[in-house]
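Here is a short report for a first look at this structure. Keep the sequence and the 3D view at hand as you read.

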Amino acid sequence: KGSMQSSDEGEQLTIYSRLGNKSDSLLPYPLIGISLTDRFEETIGSRVLDPADYLPIDLDPRKLVASGNTFNAVISIQSPSEDATGFKLHVCYRLSNGLLRCAIEDFK
């Protein structure tokens, strides 16, 4: 779910998402890969957010998420491109070699 707001500093895209741990074990908060897309569903920009970038202030990004627990992610993008008409979210974890492993399906 996302909303576009205008201000004196330009437009801001705010995306609200609820994520959960469906595994049987404790997991760290994931990285979130976000891609902005144009009207043809082509990616026009992307970045990877650390938990501290999307978690509310009252949640410690260093703690683990218990099995069955959910949490809110709030992502704000200042002055997105005028060509941006959509977005895709990918939940990712960093592997020991530094590469990212992301969920295959997109979250919208």
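## Where Gly45 sits

Strands here are DSSP runs of at least two residues, numbered from the N terminus. Gly45 belongs to one of them, strand E5.

Is Gly45 buried, exposed or partly exposed? The cut-offs are under 20% relative accessible area for buried and over 50% for exposed. Gly45 has 28%, so this glycine is partly exposed. Set aside the neighbours within four places in sequence, and Gly45 is in contact with Ile34, Ser35 and Leu36. Pro80 lies 35 residues from Gly45 in sequence. In space, the C-alpha atoms of Gly45 and Pro80 are 9.2 Å apart.

## Confidence

The model is predicted. Mean pLDDT for the protein is 86. Of its residues, 86% reach 70 or more.

## The four-stranded sheet

Strand E5 is part of an open sheet of four strands. The order is E5-E4-E8-E9, and the pairing is antiparallel. Strand E5 (43-49) and strand E9 (100-102) stand at the edges. Each has a single partner strand, so one side of each is left without a neighbour in the sheet. On average, neighbouring strands of this sheet are turned by 30° against each other, direction ignored.

How many bridges join strand E4 to strand E8? There are seven. Strand E4 covers residues 31-37 and strand E8 covers residues 86-94, and the two run antiparallel. Leu36 stands opposite Phe87 in E8. Leu36 is also one of the contacts of Gly45.

## The disulfide

A disulfide is a covalent bond between the sulfur atoms of two cysteines. The count for this model is one disulfide. Which cysteines form it? They are Cys92 and Cys102, with sulfur atoms 2.1 Å apart. That is within the 2.5 Å cut-off, so the pair counts as a disulfide. The pair links distant parts of the chain, with Cys92 in strand E8 and Cys102 in strand E9, ten residues apart. The link of Cys92 and Cys102 is right-handed, with 100° about the S-S bond.

Cys92 has a relative accessible area of 2%, so this cysteine is buried. Cys102 has 35%, so this cysteine is partly exposed.

Notes: Residues are numbered from 1 along each chain as its sequence is written. This is a predicted model: local features need pLDDT of at least 70, side-chain atom pairs count only at pLDDT 80 or more; totals for chains, interfaces and linings use all residues. Side-chain values use heavy atoms; hydrogens and water are left out. Two strands pair if DSSP finds at least two bridges between them. Axes are lines fitted to C-alpha atoms, for helices over the stretch in contact, and angles run from 0 to 180 degrees between N-to-C directions. Buried means under 20% relative accessible area, exposed over 50%, partly exposed in between (1.4 Å probe, protein chains only). pLDDT is the predictor's confidence in each residue, from 0 to 100. Contact means heavy atoms within 4.5 Å.
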